[in-house]
Amino acid sequence: MHFGILFTVTLVLSLGLVVGGAIGSLWRVRATGSAKRAIARRLPLTPFQCFLACFFIGGFLIFFSAYLAGGEGLWLAVVLRAVFSALYSTIRLFLAEGDLEAVELGIASLAAGFAPVGRLYLLYATALTAVAPVLSAGFVLSFFKNFSAFMRYTLSRARCVYYISDLNETSVALANDILDKHEGKRPLIVFFNVFDSEDTARADLIDQARDMGAVLFRKDITEIGLGRRRVTRKLYFIAGSDDDNVRQALTLIGRARAVEALNTPDTAFYVFATSVESEALLDAVDNGRMRVRRVNEKRNLVMGALLDYPIFDTSLIRDGYRCLNVLIVGSGSYGDEFLKSICWCAQLPGYRVSLHVIDRIADPRERLAAAAPELIAGSGKQIAGEPHYELHFYPNIDVKTDAFAKTLADLGPLTAAFVTLGNDELNIETAMRLRGELGRLQQSRGYDVPHIFSVVYNTVKTDTFAQCGGLKSLGKESYGITFIGDMRTRYSLAVIEQRALEEKGLEIHLAWLSHEKQKIVAAGGTADEIDKQITESREAYEKFEYYRRASIATAVHVEVLKKLGLHLPSGTEQAILEHNRWSAFMRSEGYVFDANVRSHIAKTHPDLKPFEGLSDREKAKDDVSAKRGE
């Protein structure tokens with residue numbers, strides 16, 4: 001009787017393991033990228049391998065009970081014999097040599113009352129025997145797929161390797177750009193965290209990656225060795241979620257730093273992260289001689305827009321000034337970045353700027369004030385030697401309501417408009433409505449319709465409109481809308497690396513020290529101490545993001561001046577204008593005035609005050625910095 005209970009329990013346990021393993025594996029396959037990676041870190045087996053393990057244990061239990069029931073002799077000997085015999089029979093099961101004789105003998109020993117259990121037990125064992133060889137073949141194919149990827153990675157003769165931590169739309173766009181723009185021998189693209197999926201979009205990404213000849217690994221990027229010593233350039237793009245990106249980057253940087261062949265400027269890490277924590281961690285890590293950069297996609301988009309689009313070209317003459325009246329629809333992360341950047345970039349000779357922010361949330365001003373308090377507090381103040389700009393916020397306004405049109409009528413003639421609502425479809429729809437409303441308003445007042453810039457992520461949409469000569473009504477009249485921020489442009493290698501801007505930024509970063517060196521040399525002195533400071537300053541620029549960010553902003557300002565054909569006034573006026581730009585930039589970064597403390601942690605600076613209150617040395621620095629574009 002007790003063997004009947006044993007067979008019943010075994011059948012339930014084995015069936016539960018197999019069914020549970022199947023369900024768990026399917027759930028893992030369908031899990032989102034972040035959930036999938038979290039599971040993979042705790043359970044290094046693939047979903048198929050997990051199911052295979054459950055199936056093996058289930059088969060083992062079936063044979064174990066059968067051998068136990070059919071065994072004779074001492075209890076311990078019977079158990080040990082059952083364990084080893086069951087293990088042997090289960091292995092044969094996967095080799096298509098399964099033999100159910102032991103199961104049949106075990107069932108024959110059951111009492112008559114357990115005959116139905118015996119029949120179910122034998123049916124289930126037969127099903128396992130039929131399925132096991134198929135799973136075994138799948139395992140072999142899976143093994144050879146991974147082995148093939150490893151061999152292609154190991155044996156590739158590419159001298160430049162690009163490692164990309166995740167396979168997604170953005171990383172595929174980056175990989176395509178790398179292959180399109182790369183000169184010389186074709187580089188090797190390596191993707192990680194690549195899991196087969198029934199999802200159509202995911203399967204399409206895998207097909208695209210295979211078509212470009214990329215190597216695909218299932219493993220996390222941190223689980224692959226950093227070998228390949230003969231490679232001349234190794235670039236790592238950590239492009240998953242913020243938390244994973246920083247973890248992966250810190251792990252890889254620590255490993256690579258200890259390898260002499262990797263600890264060179266030809267090894268670079270580009271970490272896609274926007275959090276304050278990510279900047280602090282990447283600044284803190286010892287990156288040796290390697291290049292480490294945090295990629296802020298939103299900031300890159302805005303910097304690119306300032307350089308490439310006619311934001312400041314159209315102005316209205318008022319009271320002797322060229323007035324810019326800019327609208328931002330949507331005060332999310334993109335809208336905030338545009339507002340802050342335009343505030344400092346519009347500090348141009350003879351210009352005044354007003355910005356209007358429309359949003360459906362209740363407190364766009366208060367939210368921005370938390371990040372940049374003195375930028376908000378300085379709005380509308382006309383203080384000599386201080387930046388001038390005006391900020392106006394219009395909360396609780398839905399772009400699909402009549403209140404939106406009424407608000408537009410109160411803004412006066414606009415010179416540019418940005419639509420940054422965080423959704424492609426809504427951005428296009430709102431830009432089209434905005435063009436219609438402004439077409440009536442501006443023209444009725446005798447003004448031209450302003451440039452409208454709409455953030456659209458989808459490359460297919462932007463390409464379609466570009467091929468048709470822009471967004472048009474009934475195929476004829478142009479809406480005058482420019483789509484910015486498409487995925488292909490935003491995730492191009494040039495935009496991510498920012499080499500040209502960084503080189504210009506470094507020149508600006510060293511401008512004051514270079515000026516001091518020239519003075520010392522001209523006076524017949526030696527500049528050894530200045531040379532030491534230049535070396536230290538260069539190293540700080542390479543290491544800390546703040547220096548690069550501030551200097552790149554200055555480089556962008558220089559390019560905007562050149563594009564507009566503006567000439568800076570001479571002497572003190574030139575230095576005042578540069579101080580105004582610098583002050584507006586620092587306030588956009590969240591810095592506040594403190595007469596006694598300069599701290600990048602507390603974000604305080606004693607020079608955030610009118611130009612006349614500066615020391616002669618600081619005035620001279622502004623004068624030198626103002627000449628950086630000459």
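# A few notes on the structure

1. Phenylalanine 84 is exposed, at a relative accessible area of 57%. Here "exposed" means over 50%, "buried" means under 20%, and "partly exposed" is anything in between, with a 1.4 Å probe and protein chains only. Phenylalanine 84 sits in helix 4, which runs over residues 75–94. (Helices are DSSP runs of H or I with at least four residues, strands are E runs of at least two, and both are numbered from the N terminus.)

2. A word on what you're looking at: this is a predicted model, in which local features need pLDDT of at least 70 and side-chain atom pairs count only at pLDDT 80 or more, while totals for chains, interfaces and linings use all residues. Residues are numbered from 1 along each chain as its sequence is written, and side-chain values use heavy atoms, leaving out hydrogens and water.

3. Back to Phe84: together with Trp75, Leu76 and Leu80 it makes a nonpolar surface patch of about 520 Å². Patches take residues with over 30% relative accessible area and no salt bridge; nonpolar side chains (Val, Leu, Ile, Met, Phe, Trp, Tyr) are joined within 5 Å, and like charges within 9 Å. The areas come from the Shrake-Rupley method with a 1.4 Å probe, and for residues only the protein chains shown count as cover.

4. Asp528, Glu529, Glu536 and Glu539 gather on the surface as a patch of negative charge. Asp and Glu count as negative, Lys and Arg as positive, and His and the chain ends are not counted; each charge is placed at NZ of Lys, CZ of Arg, CG of Asp or CD of Glu. Among these residues, glutamate 536 belongs to helix 22 (residues 528–543) and is partly exposed at 43% relative accessible area.

5. On to salt bridges, of which the structure holds 31. The rule is a side-chain nitrogen of Lys or Arg within 4 Å of a carboxyl oxygen of Asp or Glu. One of them joins the side chains of aspartate 220 and arginine 247, 3.2 Å from N to O. Aspartate 220 is in the loop between strand 3 (215–216) and strand 4 (233–238), and arginine 247 is in helix 9 (residues 242–257), so this pair ties together parts that lie 27 residues apart in sequence. Aspartate 220 is buried at 6%, whereas arginine 247 is partly exposed at 26%.

6. Another pair stays within one helix. Aspartate 402 and lysine 406 form a salt bridge, with their closest N and O atoms 3.4 Å apart. Both are in helix 15 (residues 402–409), four residues apart, so about one helical turn separates them. Aspartate 402 is partly exposed at 48%, and lysine 406 is exposed at 55%.

7. Arginine 499 and glutamate 497 also form a salt bridge, the closest N and O atoms being 3.9 Å apart. The arginine, residue 499, is partly exposed at 35%, while glutamate 497 is buried at 10%. Elsewhere, Glu279, Arg294, Arg299, Glu337, Glu545, Arg549 and Glu589 are linked in a network of salt bridges.

8. Helix 24 is worth a look. (The expected span is 1.5 Å times one less than the number of residues.) Helix 24 is mostly covered, with 14 of its 18 residues buried. After helix 24 comes glycine 590, which has a positive phi, near 100°.

9. Valine 357, in strand 9 (residues 351–358), is buried at 3%. Valine 357 and leucine 339 are 18 residues apart in sequence, and their C-alpha atoms are 8.4 Å apart. Leucine 324, in strand 8 (residues 321–329), is buried at 2%.

10. Finally, two loop residues to check on the backbone. Asparagine 396 has a positive phi, near 60°, in a residue other than glycine. Asparagine 396 lies in the loop between strand 10 (390–394) and helix 15, and is exposed at 55%. Lysine 603, also not a glycine, has a positive phi near 55°. Lysine 603 is in the loop between strand 16 (592–593) and strand 17 (604–605), and is partly exposed at 30%.
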